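Please keep the sequence and the structure at hand while reading.

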Amino acid sequence: NAKCKGWPILSLITLFLVTTSCNSYKKISYFQDVQDSIYNSPETIALAQYSDPKIQPNDILQVSVQTLDPQSNSLAGTSNTSTFSVQAASSVAGGGTTVPGFLVDKDGMIELPMVGKIAVGGMTTAEAREAIRAKAAVYYKNPVVNVRFANFNITVLGEVARPAQYTVPNEKATLLDAIGMAGDLTIYGKRENVMLIREENGQKKVIRFDLNNSNTFQNPYFYLRQGDVVYVQPNKSKAAANDISQTRNITIITSVLTLLVVVLTRVNF
């Protein structure tokens with residue numbers, strides 16, 4: 001009968017919609033190759049080797065030198081306290097904002113009050129701390145030195161909830177940390193093609209990550225460096241959503257198919 005003739009077409013349309021939904025879901029979830037640990041033992045994934053970031057020209061460092069020597073405190077103009085902290089304010093290059101810290105010049109040097117110039121370029125913050133402590137020990141008794149990046153900034157762009165530039169409080173930050181700070185990828189973000197842009201030795205390097213695969217954890221660029229840019233490319237669904245003409249055509253086609261199914265189910269041939 002007519003109703004039976006209409007069912008094959010209706011079934012094909014339903015199958016198409018279900019298949020499309022399954023394919024979309026497979027592209028959304030992260031690390032799909034990791035086995036379900038509810039019924040199995042937790043899976044162990046090797047991590048990329050981490051190395052501390054190196055201090056580069058135009059970096060801004062927060063440096064504190066503390067001592068319990070009353071005489072040193074008096075020389076520093078803080079005779080009423082038992083702690084002396086070194087602080088300064090430097091402008092972020094091109095940023096137009098002021099960040100507390102000491103700017104590393106083009107020769108890799110910083111200049112501290114009462115201590116002088118110290119070469120820190122190419123060092124980790126731990127190595128710079130020891131270099132500053134050795135220099136400060138000439139002027140202060142048993143100085144305690146702390147050094148950290150004041151402008152460890154990364155930029156997240158594209159299909160994320162909050163694209164912006166972020167200051168990372170922890171040097172050991174990962175690609176997932178950046179995505180988390182930006183509020184995760186939107187439904188339109190391509191999980192299998194997340195781009196990292198990094199400047200090294202005067203060149204721009206571009207690395208692509210597939211967040212559907214746990215091999216991301218083993219990528220040597222998984223750990224971020226100051227100045228990194230993360231870009232999440234939009235998928236075809238976003239392009240279609242922005243194309244008014246294409247959206248209108250899909251609506252028309254859907255309406256025609258629906259009308260065709262109704263006609264086939266009600267008309268006898």
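What percentage of the 269 residues in the protein is made up of buried residues? In this model, which is predicted, buried residues make up 32% of the 269 residues. The protein has six helices and twelve strands, and among its contacts between residues at least 6 apart in sequence, 60% join residues at least 24 apart.

Which residues of α3 are buried? They are Thr125, Ala128, Ile132 and Ala136. Seen down the axis of α3, these buried residues fall within an arc of 70°, so they line one face of the helix.

## The five-stranded sheet

A second open sheet has five strands in the order β9-β8-β12-β10-β11, and its pairing is mixed. Here the edge strands are β9 and β11, each pairing on one side only. When direction is ignored, neighbouring strands of this sheet are turned by 20° against each other on average.

Strand β8 takes part in both kinds of pairing. With β9 (residues 164-167), strand β8 (residues 153-158) pairs in the antiparallel sense over four bridges, and the two strands form a hairpin with five residues between them. Ile154 stands opposite Tyr166 in β9. With β12, in contrast, β8 pairs in the parallel sense over four bridges, and the bridge partner of Thr155 in β12 is Val229. As a general point, strands of a sheet pair through backbone hydrogen bonds, either parallel or antiparallel.

## An aromatic cluster

How many aromatic pairs does the model contain, if rings pair when their centres lie within 6.5 Å? The count comes to four aromatic pairs, two of which are described here.

| Ring pair | Distance between centres | Angle between planes |
|---|---|---|
| Tyr50 and Tyr223 | 5.0 Å | 70° |
| Phe217 and Phe222 | 5.5 Å | 70° |

Because planes over 60 degrees apart count as edge-to-face, the pair of Tyr50 and Tyr223, with planes at 70°, is edge-to-face. Tyr50 lies in the loop between α1 and β1, whereas Tyr223 lies in the loop between β11 (203-209) and β12 (229-234), so the pair ties together parts that are 173 residues apart in sequence. Tyr50 is partly exposed, with a relative accessible area of 22%, while Tyr223 counts as buried at 8% relative accessibility.

The planes of Phe217 and Phe222 also stand at 70°, so this pair is edge-to-face, and both of these residues are buried. Ring pairs link Tyr50, Phe217, Phe222 and Tyr223 into a cluster.

## Loop residues

Gln32 is found in the loop between α1 (2-28) and β1, and is partly exposed, with a relative accessible area of 37%. Although Gln32 and Leu211 are 179 residues apart in sequence, their C-alpha atoms are 8.7 Å apart in space.

Asn142, which is not a glycine either, has a positive phi of about 50°. Asn142 lies in the loop between α3 and β7, and at 62% relative accessibility Asn142 counts as exposed.

Note on methods
Residues are numbered from 1 along each chain as its sequence is written. This is a predicted model: local features need pLDDT of at least 70, side-chain atom pairs count only at pLDDT 80 or more; totals for chains, interfaces and linings use all residues. Side-chain values use heavy atoms; hydrogens and water are left out. Buried means under 20% relative accessible area, exposed over 50%, partly exposed in between (1.4 Å probe, protein chains only). The arc is that of the directions from the helix axis to the C-beta atoms. Rings of Phe, Tyr and Trp (its six-membered ring) pair if their centres lie within 6.5 Å; planes under 30 degrees apart count as stacked, over 60 as edge-to-face and the rest as tilted. Two strands pair if DSSP finds at least two bridges between them. Contact means heavy atoms within 4.5 Å. Axes are lines fitted to C-alpha atoms, for helices over the stretch in contact, and angles run from 0 to 180 degrees between N-to-C directions.
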